[in-house]
Amino acid sequence: MKKYIVYSAVALILGAGLSACSEDELSSESVITVDQVQPTEFDKWLQANYVNTYNVEVMYRYYDVQSDHNYYTIPADYDSSVKLAHIIKYVCLEAFDEAGGIAFTRANFPKLLYFIGDWEYNNNGTFILGTAEGGKKILMTGVNEIDSHLDNGAELNHFYLKTIFHEFTHIMNQTKDYSAGYKLVTGSGYVAGSWSDPPYNGGGDEANYYLHHGFISSYAQHSDSEDFAEMFSIYVTNTPEQWEAWLKEAETAPSDGKDVDGRGAIESKLSMVKAYMTESWGIDMDELRDIVLRREADIVAGRVNLTDISLQH
C-alpha cells in the first residue's frame with residue numbers, strides 16, 4: 001500500500017511538472033537534496049578512538065539496511081551508546097591489546113559494530129544478545145538497557161561483554177578453523193534449537209543438565225561452533241572461583257543415566273580452546289582473563305569515566 005501511494009504521488013508530480021514546463025526551461029541541477037548529518041562530539045571521539053586507532057566503525061545511528069527485518073528493533077540511545085563504546089574499548093579492545101598486541105586487535109577485530117536499542121526477541125521466549133556476520137560485523141542489542149547493569153559484573157558479562165568475546169570467537173574461527181576433534185568430545189549432546197527447551201535449558205528435574213552433560217552453558221548445546229565460542233567467552237569473563245564451581249557441579253552424574261563425565265568433557269574442550277588460541281593467535285587465555293577481570297572491575301567500581309568524549313591531545 002505504501003509503495004503504491006508513493007509511486008502515485010511521484011507520478012502526479014512528474015505529470016504536473018511536464019505539463020507546466022517546456023524543454024528549454026528544465027534545469028540540469030538536481031531538485032533532490034539529502035540532509036547531511038553533522039558530526040557530533042561522539043562521532044569525533046569514535047573517529048579518534050575506534051576508526052583511527054583500530055580501523056573499526058561504530059554505527060550507533062539506526063540504519064535499516066544493517067538491521068534484521070525479522071525482528072522489531074529500535075534505535076540505540078545516544079548516551080547509552082557512548083557508555084557501551086567506552087566499555088567495549090576498555091574491556092575488550094584494550095584487553096586484547098595487552099594480551100596479544102595492538103597489531104592483533106587491529107588485524108582481527110571486526111570492522112563494524114552496530115548498536116540497536118532493544119534485544120531481538122524470539123518466539124520461544126529467548127532473545128538475541130548479539131550476532132556476528134561475515135567476519136566483519138558484530139551486532140550489539142539491548143544498548144538502551146546498559147545503565148541497569150553497570151554496577152553488576154555478572155550482568156555486565158552476561159548481557160554485553162561475553163557477547164563481544166563470543167562473537168569475536170566466531171570471527172576468529174572463520175579465519176582459522178579449530179580442530180575437527182573438538183566436536184567429537186560431546187558430539188552426541190548437540191541438540192540445535194532445542195537448547196532452550198527442558199531439560200537442556202536447566203528446566204524440569206535437572207537444574208544443571210548442561211553441566212552434567214559436559215557443556216558450560218545451555219546454549220553451548222546448540223552446536224560445536226557455539227560450544228567453542230561459549231567456552232572461550234565464558235572462561236575469559238569469569239573468575240577462576242566461578243569456573244571451578246561450575247566444574248564441581250559438572251561432576252554430578254546426569255539424571256538420565258547416561259555415562260557422562262561432565263567435568264572431564266568440559267576440561268578436555270577447554271584445553272583445545274586454549275591450544276587453539278595460543279597456536280593460532282598467540283593469545284594466552286589465562287592472561288587474557290586476568291586482564292579482562294581487572295578492567296571489568298574498574299568499570300563496575302566507577303573508576304572509568306564512561307561519558308567523557310573529549311579528545312585528548
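Ser80 lies in helix α3 of this predicted model. Its relative accessible area is 5%, so Ser80 is buried, the cut-off being under 20%. Beyond residues up to four places away in sequence, Ser80 touches Val143, Asn144 and Ile146.

Helix α3 spans residues 78–100. The largest nonpolar core has 72 residues. Helix α3 gives the most to this core, contributing 12 residues. Within the core, the residues with the most contacts are Tyr50, Ile87, Leu113, Phe115, Phe232, Trp243 and Leu288. With neighbours within four places in sequence set aside, Ile87 is in contact with Cys92, Ile146, Leu150, Leu156, Leu161, Ile299 and Leu306. A second core is separate and has 5 residues. Met59, Leu112, Ile116 and Leu139 are among them.

Leu139 also belongs to strand β6, residues 137–140. Both faces of strand β6 are covered. Lys137 and Leu139 are buried on one side. Ile138 and Met140 are buried on the other. Strand β6 pairs with strand β2, residues 112–115. The pairing is parallel and runs over 4 bridges. In one of these, Leu113 has Ile138 of β6 as its bridge partner. Leu113 is also listed among the residues with the most contacts inside the largest core.

Excluding neighbours within four places in sequence, the contacts of Phe109 are Val56, Leu93, Phe104, Ile164 and Phe168. Phe109 and Cys92 are 17 residues apart along the chain. Their C-alpha atoms are separated by 9.8 Å.

The protein chain averages a pLDDT of 85. At least 70 is reached by 81% of the residues. Over residues 1–24, however, the pLDDT is below 50. This stretch has 2 contacts in the model beyond near neighbours in sequence. Residues 30–35 also stay under 50 in pLDDT. For residues 30–35 the model has 0 contacts beyond four places in sequence.

How values were computed:
Residues numbered from 1 in each chain as written. Predicted model: local features only at pLDDT ≥ 70, side-chain atom pairs only at ≥ 80, totals over all residues. Heavy atoms only, no water. Core = buried A, V, L, I, M, F, W, Y, C linked by side-chain atoms within 4.5 Å. Buried < 20%, exposed > 50% of the residue type's maximum accessible area, 1.4 Å probe, protein only. Helix = DSSP H or I, 4+ residues; strand = E, 2+ residues; numbered from the N terminus. Contact = heavy atoms within 4.5 Å. pLDDT = per-residue confidence, 0-100. Pairing = 2+ DSSP bridges.
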